[in-house]
Amino acid sequence: LILNLIPYPKLFGEYFFSILPNLTAGGSFPNFYDQSIYAFLFRLTSNTVISKYLAGGLVLALFLNILRAFKKQDFVFSVSYILALCSIGFSFSWQHHLVFAYPLILILLLRNIQKNKYSLIHLVPFFVIWGVMVLHFPNEASPLLSNPFLASYQTITILVLLLHSAPKFKF
């Protein structure tokens, strides 16, 4: 009955049961332009299975945390947090996908300003994060990029931002 409501049910089924699972499965060898959590963990471990499960667990934990706190936070913050998480949470994230983290950076900066925190110690970290996000190495063969932390500098920046801005667990 539900499939009758969907236009082109054959294409719908093919996309959701064939194409989408392959996109989210991971398992490929990431290149420099892949800034996903999976790529970062693969650069550290060189193991596709461990990287896939660790990345999935981290994304799930961050996602469940924001859902748990959804009632306590405002809608705009929650949506911007989920956008930032999705920008690195899939099995492959091009560097230009990371623009979806900008709303979260801007919201957190504006909240600091709203709380009258104009000092450099409160504002500089946001400008550093923004600067790192737009930084681009002109040559992917740079010897600096053989270090997995430097090759995943944008992913690490967004992870720090997500972990810092995540609603805190209360035990």
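Tutor: The accessible surface of the protein comes to about 10,800 Å², and carbon and sulfur atoms account for 73% of that area. Please keep in mind that this is a predicted model.

Student: What secondary structure does the protein have?

Tutor: The protein has nine helices and zero strands. Of its 171 residues, 35% count as buried.

Student: Why is Thr155 called buried?

Tutor: Buried means under 20% relative accessible area. Thr155 has a value of 0%, and therefore it is buried. Thr155 is found in helix α9 (residues 153–165). Leaving aside neighbours within four places in sequence, Thr155 is in contact with Gln35, Ser36, Ile37, Phe40 and Ile88.

Student: What makes helix α3 mostly covered?

Tutor: Seven of the nine residues of helix α3 (residues 37–45) are buried. Those residues are Ile37, Tyr38, Ala39, Phe40, Leu41, Phe42 and Arg43. Just after α3, Ser46 takes a positive phi of about 60°.

Student: Why does Val79 count as partly exposed?

Tutor: The partly exposed class lies between buried, under 20%, and exposed, over 50%. Val79 has a relative accessibility of 34%, so it counts as partly exposed. Val79 is found in helix α5 (residues 75–89).

Student: Which residues form a nonpolar patch on the surface?

Tutor: Phe75, Val76, Val79, Leu83, Val99 and Phe100 form this patch, and together they have about 520 Å² of accessible area.

Definitions and conventions: Residues are numbered from 1 along each chain as its sequence is written. This is a predicted model: local features need pLDDT of at least 70, side-chain atom pairs count only at pLDDT 80 or more; totals for chains, interfaces and linings use all residues. Side-chain values use heavy atoms; hydrogens and water are left out. Patches are made of residues with over 30% relative accessible area and no salt bridge: like charges are joined within 9 Å, nonpolar side chains (Val, Leu, Ile, Met, Phe, Trp, Tyr) within 5 Å. Accessible areas come from the Shrake-Rupley method with a 1.4 Å probe; for residues, only the protein chains shown count as cover. A salt bridge is a side-chain nitrogen of Lys or Arg within 4 Å of a carboxyl oxygen of Asp or Glu. Helices (H or I, at least four residues) and strands (E, at least two) are DSSP runs, numbered from the N terminus. Buried means under 20% relative accessible area, exposed over 50%, partly exposed in between (1.4 Å probe, protein chains only). Contact means heavy atoms within 4.5 Å.
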